[in-house]
Amino acid sequence: MHFSNDASPRHLTSSQKRANQWRRWSEDIIPAMIVPYLSYIQETVSLRHANTPAIRHRTDGECGTGCRTHNIKVACVFFDAFEEIAIIACPCSPAPLQLLRHRLFPCAPLAPSLAVDLRLLEFVRLLFLHQSPNQMAWCDALETFLDGMKYKLRLKNSLQHRFSNVFHWYQVLTVLAQNHISTLVVGSRTDGAHVDQPSDYLRSRCPLCFGGNDWQNGARDSLPMPDVIVCIDACFTQKRSANPHSAAGSDPPNPTPSFFLPTDDVKAMEDFVERCRRDRRQARTSRAEPDEDGYEEGMRIPVSVLNGCGNSFIAADEKREKASTRFFTDTGLMALVCRHDHVLWIANLTSAGEKQHYALALLDRLFKHIPPQMTIGLLYDIGCQLERSCRKWNFMDDSILSRITFAVAVFHAYGHQWACQIVYHPRKREGFGLSDGEGCERLWSFLKPLIPSLRISGFNQRLFVLDTQIRHLDSKSLQGFGHWLHRRWIHCQSKKHDALDHLHALELDENALRVEWKAQVDHQTRPTPRQSRNKAAEVITIILALEKMLQAQEASIHELEMQLLSVRVPNIGEVNLQLVDARSRYKKTADTLRHRRAALGTEDKVNLEKMKKDIYLTVRLNARAIKTRIRDRLRQRKFELETLERSYRATVNEPGILKLITTYNGLCSQLQSLIQRRQAPPSAVPPHIIPRDGVFQLNIDDDIWQDVGLDDDTLNPPAWLSDDTVRNGIRLQLEVDQCNEEEARLMQERAIIQEWMLAEWDIADPVMSFHLRSRADELVNICVIWKKKVQNIPCTWPMTASWGPSDEALVQAAYNQARSSFRGEDDDESSEGDREGDCESDLEYGEIEDEELMDAIKEIALADEYRYGQNAEFTDDLDDLDDIGDDFMPSSPIKSLHKRRNI
């Protein structure tokens with residue numbers, strides 16, 4: 001702290017003054033306030049018994065040590081009062097520390113003119129964690145409230161301008177105070193820590209993933225599963241607008257730890273990716289691309305399938321590029337989240353579109369924090385493309401790439417080719433159990449109230465607010481782990497028993513089903529043949545298929561043109577882009593068809609005319625073309641980003657899709673009739689109709705994905721394709737396998753959660769000090785809930801009966817929790833309807849007035865619709881669920897706690 005004696009100080013610009021003030025806060029004031037703040041919190045029992053004793057006014061002008069003093073008048077804001085006090089500050093007793101001892105926090109580090117009550121600040125901090133932060137509205141309301149009690153502020157808007165500074169640095173103080181306690185805990189654990197374990201950072205991020213004493217206990221299990229499951233996803237609604245005045249620089253960084261990757265690390269990964277691609281391109285220039293479809297090195301699906309998946313997501317990514325390039329400095333976020341929805345790291349996006357170097361930077365940071373043998377299961381919307389790029393461009397060493405099992409998130413699997421889904425879908429791939437990979441979507445849902453305010457915030461302020469909200473979600477999630485494990489266990493057991501009952505009813509051999517499943521995967525992931533024994537017949541069939549495709553594309557163009565003529569079109573620019581794309585595809589198809597026809601000989605042309613007269617072939621080609629169009633339309637429907645466009649298409653597109661399904665089902669009936677009348681090949685099988693109910697969910701086991709009876713490969717079909725009993729048996733057997741994997745992982749997590757509690761309690765006892773007692777109390781309260789909820793879940797390895805806290809402490813904590821519930825019982829009953837409504841507004845997706853911001857709920861609402869629409873089957877025998885609603889199966893520990901508290 002420095003008080004200048006210079007009689008004529010030099011004049012500083014406003015930016016220099018702000019920088020100096022920021023430095024004083026960060027380097028001098030806040031570090032000096034941490035221990036006094038924790039002491040004051042302990043003395044007042046978390047501000048419960050805090051009073052504001054009168055401040056003694058010194059008038060001698062000198063302090064006890066003889067240093068120069070400074071008289072300061074400070075306006076103090078309380079919940080229901082406003083008063084002005086005078087203090088005498090000096091270097092040995094600075095104003096912030098004096099005000100802190102009297103339950104006040106200053107607006108400036110040296111000579112504050114305003115101080116705010118700590119209780120008021122804590123209330124506002126908690127309020128802004130539960131709703132969209134709006135300091136301007138809060139200050140206006142408080143100023144009006146005080147004005148109504150005849151308290152007058154001397155300057156207009158003075159509270160608003162100073163309160164922002166007070167509130168920000170108070171938040172910094174609370175974060176660093178909590179970090180100080182965490183540092184003591186980690187320091188006491190260091191002596192006995194095992195070297196070959198996940199880092200202390202990861203242990204603090206998720207106890208269920210990284211909190212065990214030995215991560216290899218789970219690795220010894222017989223089931224082949226990744227040790228940890230994580231997911232990655234990007235969000236392009238959390239943008240930050242470009243400075244309209246093109247101002248240079250940004251707000252200074254905050255002295256708090258952050259979950260965001262450093263900008264330099266992201267840039268280094270971007271440079272590394274570009275360098276790898278450049279070097280590999282130079283090495284591949286002399287190689288000619290093969291004409292035949294095949295497998296790339298290390299991949300299980302052919303090149304044609306990978307290209308199809310890439311094209312599906314490129315189309316969606318182009319919309320983001322158009323919205324991000326010109327008007328936004330920061331274009332979004334990309335998060336690495338564990339299976340329990342805890343954020344491990346976040347990357348700030350600054351480029352248009354979803355670039356791979358962000359995901360690689362997140363994975364690189366993760367592998368630096370885990371032991372060299374630990375394996376990872378990665379769920380990513382375009383996991384197939386990321387694995388392809390890693391192998392093709394050598395982005396990762398084999399020692400790391402061999403430890404990653406790639407898969408695609410459940411909700412985004414619809415955008416992938418069927419051959420990709422049977423390999424990368426987590427319901428088909430070994431090791432992922434019932435994990436859905438949608439933790440990031442739930443994170444974006446919780447962060448959506450921050451979109452308006454962060455759209456115009458400073459760079460570092462945006463990161464600070466997001467970090468604060470993530471810490472709040474961690475705290476809520478930690479308390480909900482017991483309920484989450486309890487509900488997941490019951491869901492898993494119910495799903496498993498139901499699948500086993502149906503499987504036993506089919507009376508099929510398990511080994512035979514596994515053989516059929518392997519044959520299905522091998523057949524449906526084989527490369528597309530470019531040549532056949534009867535090449536002329538194949539070319540004619542292709543020409544007929546192209547003609548049907550051309551007709552379908554022509555109909556699509558006509559539909560888009562009619563939409564442009566409609567007065568109800570929600571987004572003319574978007575429809576125009578779709579029309580341009582449709583016309584481009586139509587032109588390519590027409591050119592291909594023209595070249596194919598020109599290559600036909602005289603005999604082939606005669607055969608073509610004969611095949612056109614083949615009723616069975618014609619109907620089959622029509623059915624296949626319509627089914628392809630239905631799949632494309634369903635994918636487009638789920639890729640839509642704007643809520644208004646979804647509303648419009650609910651009245652235009654969905655009836656159109658249902659009409660196509662009716663047409664397709666009619667063609668299936670015609671094919672079945674032709675087969676019965678023996679007007680089809682002897683080995684032909686009828687295709688499966690598409691049920692109208694549930695078609696918009698695009699479930700992995702729906703018939704929409706498979707072209708049974710619509711191509712030559714299904715002539716003389718194997719049992720996995722033609723026998724409905726075998727098909728159902730394969731689906732049920734895979735479901736049982738998933739439940740077994742989920743069961744094994746839940747048993748591991750049940751043991752880990754107790755090991756973590758024991759370790760934390762052992763640390764808290766010997767290192768106990770006044771500012772760790774509240775942590776011990778928190779652990780006891782959490783332990784009461786965890787112990788009760790997971791008592792029926794067996795452990796993978798033997799565990800002691802103790803959880804750490806004594807039985808007396810647990811009984812007392814349970815009594816205190818029950819007493820609090822009984823006190824509020826009458827109020828809960830009287831306001832049950834209101835509280836239920838509040839809960840829904842927190843968890844679901846409210847309306848956002850700004851039309852530009854409505855893409856904040858782009859796919860999250862669809863994800864919840866998909867997720868919760870399938871969870872009614874496990875709610876029958878749940879008598880032991882106490883106060884948790886039987887119709888709710890949370891995918892997130894945060895939602896579990898929310899629901900429990902609001903029922």
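**Confidence**

The model is predicted: local features need pLDDT of at least 70, side-chain atom pairs count only at pLDDT 80 or more, and totals for chains, interfaces and linings use all residues. Residues are numbered from 1 along each chain as its sequence is written, and side-chain values use heavy atoms, without hydrogens or water.

pLDDT is the predictor's confidence in each residue, from 0 to 100. Its mean over the chain is 77. Of the residues, 73% reach 70 or more. Over residues 53–61 the pLDDT is below 50. That stretch has 11 contacts (heavy atoms within 4.5 Å) beyond near neighbours in sequence. Residues 897–903 also stay under 50. There the model has 23 contacts beyond four places in sequence. Where pLDDT is low, the predicted coordinates should not be read in detail.

Strands (E, at least two residues) and helices (H or I, at least four) are DSSP runs, numbered from the N terminus. Two strands pair if DSSP finds at least two bridges between them.

| Pair | Sense | Bridges |
|---|---|---|
| E1 (residues 70–77) and E2 (residues 82–89) | antiparallel | eight |
| E1 (residues 70–77) and E4 (residues 114–117) | parallel | three |
| E3 (residues 104–106) and E4 | antiparallel | three |

E1 passes to E2 through a hairpin of four residues. Ala75 has Glu84 as its bridge partner in E2. Ala75 also stands opposite Leu114 in E4. Leu104 pairs with Asp117 of E4.

**Helix H18**

H18 spans residues 510–524, 15 residues in total. From first C-alpha to last it reaches 21 Å, close to the 21 Å expected at 1.5 Å a residue. The expected span is 1.5 Å times one less than the number of residues.

Asp509 caps the N-terminal end of H18. A side-chain oxygen of Asp509 lies 3.2 Å from the backbone nitrogen of Asn511.

Which residues of H18 are buried? They are Leu513, Trp517, Gln520, Val521 and Gln524. They cover an arc of only 95° around the axis, which puts them on the same side of H18. The arc is that of the directions from the helix axis to the C-beta atoms. Asn511, Val515 and Lys518 are exposed on the other side of H18. Buried means under 20% relative accessible area, exposed over 50%, and partly exposed in between (1.4 Å probe, protein chains only).

**Helix H20**

H20 (residues 572–598) has 27 residues. It reaches 39 Å from its first C-alpha to its last, close to the expected 39 Å. Its buried residues are Glu574, Val575, Gln578, Leu579, Ala582, Thr589 and Leu593.

Methods: Polar contact = N/O pair within 3.5 Å; in protein donor to acceptor, adjacent residues only side chain to side chain.
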